[in-house]
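Here's a quick tour of a protein model to go with your sequence.

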Amino acid sequence: MENETNGFHHIELHTIHPDYILDLFIRIYGFQLIAKRNTFNYSQWFLKSSQCQLLISSVLNIDLNNENKPNNDHYDILTTILNNENTRDFILDRDTTFNVALHVKSVQTILDKNPDVQVLVSRRQAVDEYGTIEYACIKSCIGNVVHTLINTSEYSGSCLPGFVSISNSEKQESNESLIDSIDHIAFAIPKNSALSAVIWYEKVLGMKRFKVNQQDDPFQGFSVHVGTMGMRLFASEYWKCAETACMNDKQSNLKFVFAESLIDSNSNSTDQITKFIANHKNQPGIQHLALYCMDNIKNAVRITKTNGAQYLLPCQDYYLKENNGYIIEATGENVSELAELGILLDDESDNQQELKSNKKVLLQIFTKSIFNNDTFFLELIERRGAIGFGAGNIRTLWKIVQQQIDSRR
Ligand SMILES: [Fe+2]
């Protein structure tokens with residue numbers, strides 16, 4: 001399996017429509033509900049599909065006059081975030097994907113090395129019959145994004161302390177697993193903020209910038225221009241040799257993409273990045289989560305479409321021979337099959353031989369926003385040796401999303 005392990009522990013989504021989001025991941029995308037819990041303030045559901053773990057949280061009540069104490073034995077970052085008036089708005093009354101929780105070797109080492117980082121939840125332990133976890137939660141330099149740092153080396157449970165496992169009798173009949181793991185996370189951020197984000201992630205988590213493709217410039221990133229608009233992309237990954245406490249060797253596959261707008265914040269123009277920020281309570285944040293497909297993307301798209309998934313579809317010109325049809329055929333894929341499913345194909349091959357042997361090809365598809373504030377969306381991806389993010393398709397995606405924004409005006 002290509003992505004056997006990775007450095008993501010889980011991704012946390014806060015929603016005010018938990019039934020809808022749970023149905024989407026469980027019924028449409030084949031996730032299993034592993035555990036759940038209810039506190040006075042919030043409910044949480046822990047979902048899993050192979051190595052991909054999601055935490056769905058929903059704040060129910062909040063008594064702002066009465067501070068609720070976190071249970072010391074439990075994994076709990078939300079109580080602290082809700083108790084603090086500066087961080088409450090990170091999640092309250094909104095649908096947002098806000099927490100990228102990471103496996104770490106030593107929580108304390110990261111905190112010690114980064115005294116300037118805002119610590120939302122200081123280092124704690126949580127215990128249950130499966131052992132002890134050590135964790136802390138830090139604020140990213142981006143919008144409402146936080147990172148829980150979790151050391152699970154002394155823990156054998158399948159979830160986290162404080163959650164109640166779903167019994168076998170309670171478990172729903174399992175669907176076919178479609179999602180294997182998390183491939184990457186993309187952030188939507190304002191103009192001229194990507195480089196400082198890259199530097200923050202390098203300093204705090206030891207992540208290193210890498211080139212999205214040949215056109216990726218050290219200072220300008222990879223620029224995508226469509227008409228008068230566009231965006232710049234920068235990408236970082238966890239570097240195996242980095243001298244940080246972030247990841248152990250087998251958990252080193254961590255990729256972040258920083259997508260910044262080219263529009264000035266005081267301009268009246270909008271694009272998909274500025275639109276995301278406007279709809280996301282004027283905060284930058286997590287724009288999409290790319291999920292690596294279990295067997296092949298065609299199977300995953302076919303099944304999830306039948307289950308009701310809503311994908312963005314490229315215009316049919318995309319599949320014309322002179323555009324992408326020839327390349328699709330050269331990889332041995334059927335053009336009309338990909339066109340019917342709406343799957344995009346990108347090739348990073350340096351020569352025909354590589355193309356024919358599928359050495360550097362990736363296939364991907366993007367959903368419409370899964371939140372009704374039209375912000376966060378999912379990407380499904382299958383890699384055949386390609387390491388990038390579908391540079392050729394970014395322009396296509398930009399056009400589709402921009403067409404949607406324009407048509408709603
Ligand atoms: Fe992506």
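Two residues are in contact if their C-beta atoms, placed from the backbone, lie within 7 Å. Keep in mind that this is a predicted model.

**Around V127**
- V127 sits in strand β6, which covers residues 119–128.
- By that contact rule, V127 touches D73, T132 and P161, leaving aside residues up to four places away in sequence.
- P161 is 34 residues from V127 along the chain, yet the C-alpha atoms of the two are separated by 5.8 Å.
- Is V127 buried, exposed or partly exposed? V127 has 16 other C-beta atoms within 10 Å, and a residue needs 20 or more to be buried and 12 or fewer to be exposed, so V127 counts as partly exposed.

**The largest nonpolar core**
- This core has 114 residues, and F187, F258 and A259 have the most contacts inside it.
- Strand β10 (residues 179–189) gives the most to the core, with 7 residues.
- Domain 1 (8–171) and domain 2 (180–408) both give residues to the core, so it lies between them.
- If you click on F258, its contacts are F187, I189, A194, A197, V198, L233 and F234, again not counting residues up to four places away in sequence.

**Helix α6**
- In α6 (residues 297–307), the residues I297, A300, V301 and T304 are buried.
- Seen down the axis of α6, its buried residues fall within an arc of 95°, so they line one face of the helix.
- An α-helix has 3.6 residues a turn, so residues three or four places apart point the same way.
- The cover over the buried residues of α6 includes α1 (18–28), β15 (285–293), α8 (335–341), β17 (361–366) and β18 (377–384).
- After α6 comes G308, with a positive phi near 115°.

Conventions: Residues numbered from 1 in each chain as written. Predicted model: local features only at pLDDT ≥ 70, side-chain atom pairs only at ≥ 80, totals over all residues. Core = buried A, V, L, I, M, F, W, Y, C linked by C-beta atoms within 7 Å. Helix = DSSP H or I, 4+ residues; strand = E, 2+ residues; numbered from the N terminus. Domains from an automatic or database assignment. Arc of directions from axis to C-beta.
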